[in-house]
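Colleague: Could you take me through the aromatic rings in this one? I'd like a close look at how they pair up and where they sit.

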Amino acid sequence: MTKKLLTLALLLATAVEALPQQLIAHPWQGKRVAYFGDSITDPRNKASKKKYWSLLQDWLQIEPYVYGVSGRMWNDIPRQTDQLKQQHGQAVDAIIIFCGTNDYNNGVPIGQWWDERKAEVEYGHGQEKKMVTRRQRTPSMNPTTYRGRINIALDSLKRTFPTKQIVLLTPIHRSDFHANAKNWQCDESYTNQCGLYIDDYINAVKEAGNIWSVPVIDWNASCGLFPLVGEHEQYYNCPPAKAQSDGTGTDLLHPNDTGHVRMARTLMYQLLTLPCTF
């Protein structure tokens with residue numbers, strides 16, 4: 001190879017190596033994103049100074065519209081939807097929902113996705129159409145069940161914001177939370193009042209993605225936080241060692257600043273695979 005061709009090859013190799021970095025632009029850069037959820041999203045929660053959404057604001061210049069409220073469950077998502085519509089109309093690019101851990105803690109029954117009945121419908125295939133009897137399913141809109149609440153929320157969102165990206169995040173792992181004698185929550189190794197583990201509530205969010213055609217990011221699996229082992233207490237607000245002598249103050253439910261950084265980094269890379277706008 002001549003010196004001229006060698007120089008050209010080296011320049012080409014350098015350009016190709018730099019190409020991905022030059023071409024990849026984060027699809028959520030500078031967008032307007034609404035965040036629905038509970039205390040981990042709530043800006044008033046003091047477990048961390050920076051929340052995952054405020055870190056994405058720093059890193060990607062995302063403009064956050066935050067509606068998460070401490071203690072809320074999936075039955076509050078329609079209210080948060082209405083609030084977003086009232087304050088911003090359609091001037092939002094995407095909506096991220098991170099909810100479900102309080103439904104588990106409060107023992108909300110899982111319920112069913114569908115109500116089913118027999119119905120008459122016209123059908124014809126290779127012959128004249130005629131009325132036939134079929135089983136028909138419609139989404140269960142039972143506000144007292146977890147699946148019913150998700151159906152109600154996503155039905156509302158699909159109708160209110162039909163052109164917007166909607167992303168679901170699964171609840172993350174949780175351990176002891178001992179606020180006081182009247183708010184003493186055990187870790188996820190125990191069933192709730194319904195006899196269900198948190199896995200059922202996590203899996204329901206995954207199922208909702210297929211039912212309602214919305215992408216799901218499995219934060220429970222991907223963010224890496226696991227407060228059931230002592231080594232991961234560093235990611236949470238108040239480990240037992242820092243709690244009062246009676247255990248009051250223990251908080252292995254709410255991630256601290258370090259925990260939110262880990263959550264936010266995971267979410268930032270997961271969102272690379274999804275369009276923010278259409």
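Modeller: Let's start with tyrosine 52 and tryptophan 219, which are both buried (under 20% relative accessible area, where exposed is over 50% and partly exposed is in between, with a 1.4 Å probe and protein chains only). Bear in mind that this is a predicted model: local features need pLDDT of at least 70, side-chain atom pairs count only at pLDDT 80 or more, and totals for chains, interfaces and linings use all residues. Residues are numbered from 1 along each chain as its sequence is written, and side-chain values use heavy atoms, with hydrogens and water left out.

Tyrosine 104 and tyrosine 201 make an edge-to-face aromatic pair, 5.8 Å centre to centre with 70° between the planes. For pairing, the ring centres of Phe, Tyr or Trp (its six-membered ring) must lie within 6.5 Å; planes under 30 degrees apart count as stacked, over 60 as edge-to-face, the rest as tilted. Tyrosine 104 belongs to helix H4 (residues 101–105) and tyrosine 201 to helix H6 (residues 198–212), so this pair ties together parts 97 residues apart in sequence. Helices here are DSSP runs (H or I, at least four residues), numbered from the N terminus. Tyrosine 104 and tyrosine 201 are buried too.

Back to the other rings: a search of the whole structure turns up seven aromatic pairs. Tyrosine 52 and tryptophan 219 are one of them, edge-to-face at 5.1 Å centre to centre and 85° between the planes. Ring pairs also link Tyr35, Tyr52, Phe98 and Trp219 into a cluster.

Definitions and conventions
Helix = DSSP H or I, 4+ residues; strand = E, 2+ residues; numbered from the N terminus.
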